[in-house]
Amino acid sequence: GEFLEELIKDERVWLEYDRYQDDKYGRILAWVWVDCESKPKFKDPFYMHLSGNRSREGLTENPEGCKKGKLANEEMVDENLAKTVKYEKRGPLKYEERIGD
């Protein structure tokens, strides 16, 4: 939509992947970063996974290289243009708590 087009207008977009690369419908999942001051240094896609059923705590800070940037996923939720969905039997995602309900 228009909001997303305006958000990423004339900007370089960075995609950060997480422990799951798709959802139950096969859609590709990524965190979308804009307005970064340099190339962001993302955590490994499997950063959240520890051993067994344990996971790390979610991230609240922007990655290095994108401290002044925006997380487009979060911006869209804040504008009520998207909603968060949590799937049972899937571990938490990097920024899930940051943009949660």
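Which residues make the nonpolar surface patch of about 370 Å²? The patch is made by V13, L15, Y17 and I28. Patch residues have over 30% relative accessible area and no salt bridge, and nonpolar side chains (Val, Leu, Ile, Met, Phe, Trp, Tyr) are joined within 5 Å. A salt bridge is a side-chain nitrogen of Lys or Arg within 4 Å of a carboxyl oxygen of Asp or Glu.

This is a predicted model, in which local features need pLDDT of at least 70, side-chain atom pairs count only at pLDDT 80 or more, and totals for chains, interfaces and linings use all residues. Residues are numbered from 1 along each chain as its sequence is written, and side-chain values use heavy atoms, without hydrogens and water.

One of the patch residues, L15, lies in strand β1 (residues 14-16). L15 is partly exposed, at 41% relative accessible area; the term covers values between buried (under 20%) and exposed (over 50%), with a 1.4 Å probe and protein chains only.

Two helices and three strands occur in the protein, in the order α-β-β-β-α along the sequence. Helices (H or I, at least four residues) and strands (E, at least two) are DSSP runs. The radius of gyration, 14 Å, is close to the 13 Å that the globule rule gives for 101 residues, so the protein is as compact as a globular protein of that length. This radius is taken over C-alpha atoms, and the rule is 2.2 Å times the number of residues to the power 0.38.

| Property of the protein | Value |
|---|---|
| C-alpha trace along principal axes | about 40 × 25 × 25 Å |
| Accessible surface (Shrake-Rupley method, 1.4 Å probe) | about 7,300 Å² |
| Buried residues | 27% of 101 residues |

Conventions. Patch = residues over 30% accessible without salt bridge, like charges linked within 9 Å, V, L, I, M, F, W, Y side chains within 5 Å.
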